[in-house]
Amino acid sequence: MNELLINVDWYEIGLATLETLIMLGGSLLFTIILGLPLGIVLFLTSPKQLFEQKGFYSLLSLVTNILRSLPFIILLIVMIPFTVLITGTSLGVAGAIPPLVVGATPFFARLVETALREVDKGIIEATQAMGATTKQIIISALLPEARPGILAATTVTAITLVSYTAMAGVVGAGGLGDLAIRFGYQRFQTDVMVVTVVLLLMLVQVLQMVGDRLVVHYSRK
């Protein structure tokens with residue numbers, strides 16, 4: 001086995017895995033913080049909803065779609081000046097999180113909007129009939145009813161961010177993607193490439209399994 005993995009430095013693999021987990025956790029946290037309100041606003045201002053604003057919704061939807069459709073590798077390069085401005089560097093974990101958040105937030109927001117659309121309108125109307133405020137409708141009716149869909153959206157977004165962290169290695173962001181590019185690709189160390197790919201696949205499987213269990217759990221409530 002050692003002969004097959006002769007180029008693998010397990011200490012480097014461990015550090016790269018930790019960096020990937022930090023990038024994933026940090027970017028997912030900020031993506032939820034920014035994307036959840038954005039998804040709610042998209043839903044509330046869309047046609048036939050509580051605060052229908054066709055003009056505002058069209059503009060916000062356009063911006064969201066543009067950011068969502070921009071290839072992440074291009075976004076990484078375009079955002080380098082902005083990333084340096086707010087973090088002081090475009091390299092490493094700190095330099096990767098801003099483009100990760102910008103790339104994933106509109107994607108997550110659209111998934112949240114879709115989850116909210118699946119909530120039975122009768123529940124919203126019943127909450128309104130009881131004199132609930134907009135805040136109460138969102139917190140007590142919309143979000144609890146859409147929770148399984150939002151959890152599923154979070155899972156999909158987390159898995160998407162795993163692939164984004166791998167791509168971020170192209171610009172020296174660190175993590176398993178950076179290791180795979182520097183050693184697996186540039187130095188033709190196939191064993192390093194295989195190990196990093198296997199670890200990324202395992203991470204995706206764990207995220208999917210945990211996400212599925214949470215969705216099933218809250219769907220039964």
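The model described here is a predicted one, and the protein chain in it holds 9 helices and 0 strands.

**Helix α2**

- Helix α2 runs over residues 54-69, and at 1.5 Å a residue its 16 residues should span 22 Å, which agrees with the 22 Å that separates its end C-alpha atoms.
- The residues of α2 that count as buried are Y57, L60, S61 and T64; because they cover an arc of only 105 degrees around the axis, they are placed on the same side of α2.
- An α-helix has 3.6 residues a turn, so residues three or four places apart point the same way.
- The cover over the buried residues of α2 includes helix α1, which spans residues 10-45, and helix α5, which spans residues 92-117.

**G39 in helix α1**

- G39 is a residue of helix α1, and because its relative accessibility is 0%, below the 20% cut-off, G39 counts as buried.
- When the neighbours within four places in sequence are left aside, the residues in contact with G39 are A109, V112, E113 and L116.
- F82 lies 43 residues from G39 along the chain, and the C-alpha atoms of these two residues are separated by 24 Å.

**The chain as a whole**

- Read from the N terminus on, the elements of the protein chain follow the order α-α-α-α-α-α-α-α-α.
- Taken along the principal axes, the box filled by the C-alpha atoms of the protein chain is roughly 70 × 40 × 25 Å.
- The protein chain has 221 residues, of which 40% are buried.
- Among the contacts of the protein chain with a separation of 6 or more, 74% are accounted for by residues 24 or more positions apart.

Definitions and conventions
Residues are numbered from 1 along each chain as its sequence is written. This is a predicted model: local features need pLDDT of at least 70, side-chain atom pairs count only at pLDDT 80 or more; totals for chains, interfaces and linings use all residues. Side-chain values use heavy atoms; hydrogens and water are left out. Helices (H or I, at least four residues) and strands (E, at least two) are DSSP runs, numbered from the N terminus. The expected span of a helix is 1.5 Å times one less than its number of residues. Buried means under 20% relative accessible area, exposed over 50%, partly exposed in between (1.4 Å probe, protein chains only). The arc is that of the directions from the helix axis to the C-beta atoms. Contact means heavy atoms within 4.5 Å.
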